[in-house]
Amino acid sequence: MERMTVKDLVKACGGTLLYGREEKEVTRITINSRDVKEGDLFVPLIGERVDAHKFLIQALKDGAQAALTSKEISSFPFLESGEKALIQVRNTKKALQDIGKFYRN
């Protein structure tokens with residue numbers, strides 16, 4: 001995957017940047033928090049049994065550069081440094097599809 005900036009991701013999914021810097025880059029996208037690598041965008045999907053939002057903070061701590069969230073966020077002090085990006089969206093699955101469409105174009 002070609003690198004995408006956080007600014008590109010926000011534009012692609014129509015999200016709102018809550019934390020982080022627009023110029024930061026992500027190198028790949030993952031929906032599996034156990035597979036997070038340095039520089040990833042973590043997309044927590046909501047399934048029938050598990051809401052992956054509960055793994056969001058750990059994914060960022062494990063190296064993800066950015067994450068999407070459709071949940072209300074209060075405050076994450078470790079994100080205030082701006083080193084990691086958190087993007088608020090209405091629906092993470094739809095946002096992932098929108099990012100894919102943006103990337104293909």
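Val 6 sits in helix α1. Keep in mind that this is a predicted model. In that model Val 6 is buried, because its relative accessible area is 0%. What does Val 6 touch, leaving aside its neighbours within four places in sequence? The contacts are Leu 17, Arg 21, Glu 22, Lys 24, Ala 85 and Ile 87. Two of those names, Ala 85 and Ile 87, come back in a moment, in strand β7. Val 6 and Leu 68 are 62 residues apart in sequence, and their C-alpha atoms are 11 Å apart in space.

Now the sheet. Five strands form an open sheet, and the order is β2-β7-β6-β5-β4. The pairing is mixed. Which strands stand at the edges? They are β2 and β4, residues 28-30 for the latter. Each has a single partner strand, so one side of each is left without a neighbour in the sheet. On average, neighbouring strands here are turned by 25 degrees against each other, direction ignored.

Let me walk across, strand by strand. Strand β2 covers residues 16-19, and three bridges join it to β7. Those two strands run antiparallel. Thr 16 has Gln 88 as its bridge partner in β7.

Next, β7 itself, residues 85-88. Ala 85 and Ile 87 point one way. Leu 86 and Gln 88 point the other way. Buried or exposed? All are buried. On to the next pairing. Strand β6, residues 66-69, is joined to β7 by four bridges, and the two run parallel. Here Ala 66 stands opposite Ala 85 in β7.

Strand β6 is covered on both faces. On one side are Ala 66 and Leu 68, on the other Ala 67 and Thr 69, and all are buried.

How many bridges join β5 to β6? Two, and the strands run parallel. Phe 42 stands opposite Ala 67 in β6. Strand β5 is residues 40-42, and its pairing with β4 is also in the parallel sense, over three bridges. There, Thr 30 stands opposite Phe 42 in β5. So much for the strands.

Helices on the sheet next. Helix α3 packs on the sheet and touches β4, β5 and β6. Its direction makes about 130 degrees with that of β6. Helix α1 lies across β2, β5, β6 and β7. It runs at about 10 degrees to β7.

Then the two helices against each other. Helix α1 is residues 6-13, and helix α3 is residues 92-104. Their axes come within 8 Å and cross at roughly 110 degrees. That makes α1 roughly perpendicular to α3. The crossing of α1 past α3 is right-handed. Who meets whom? From α1 we have Asp 8, Leu 9, Lys 11, Ala 12 and Cys 13. From α3 we have Ala 95, Asp 98, Ile 99 and Phe 102. By class, that contact has six nonpolar residues, three charged and no polar ones.

Pick one of the charged residues, Asp 98. It is in helix α3. Is Asp 98 buried or exposed? Buried, because its relative accessible area is 16% and the cut-off is under 20%. Not counting residues up to four places away in sequence, Asp 98 touches Ala 12 and Cys 13.

Two last stops. Ala 64 lies in the loop between α2 and β6. Ala 64 is buried, with a relative accessible area of 0%. Leaving aside neighbours within four places in sequence, Ala 64 is in contact with Val 36, Lys 37, Asp 40, Phe 42, Ala 59 and Lys 84. Note Phe 42 again, the residue opposite Ala 67. Ala 64 and Glu 83 are 19 residues apart along the chain, and their C-alpha atoms are separated by 10 Å.

Finally, Gln 58, which is in helix α2, residues 56-61. Gln 58 counts as partly exposed, at 43% relative accessibility. Gln 58 and Glu 25 are 33 residues apart along the chain, with their C-alpha atoms separated by 19 Å.

Technical notes. Residues are numbered from 1 along each chain as its sequence is written. This is a predicted model: local features need pLDDT of at least 70, side-chain atom pairs count only at pLDDT 80 or more; totals for chains, interfaces and linings use all residues. Side-chain values use heavy atoms; hydrogens and water are left out. Buried means under 20% relative accessible area, exposed over 50%, partly exposed in between (1.4 Å probe, protein chains only). Two strands pair if DSSP finds at least two bridges between them. Axes are lines fitted to C-alpha atoms, for helices over the stretch in contact, and angles run from 0 to 180 degrees between N-to-C directions. Angles under 35 degrees count as roughly parallel, over 145 as roughly antiparallel, 65 to 115 as roughly perpendicular and the rest as oblique. A crossing is left-handed if the near helix is turned anticlockwise from the far one by less than a right angle, and right-handed if clockwise. Contact means heavy atoms within 4.5 Å. Ala, Val, Leu, Ile, Met, Phe, Trp, Tyr, Cys and Pro count as nonpolar, Asp, Glu, Lys and Arg as charged, and the others, Gly among them, as polar.
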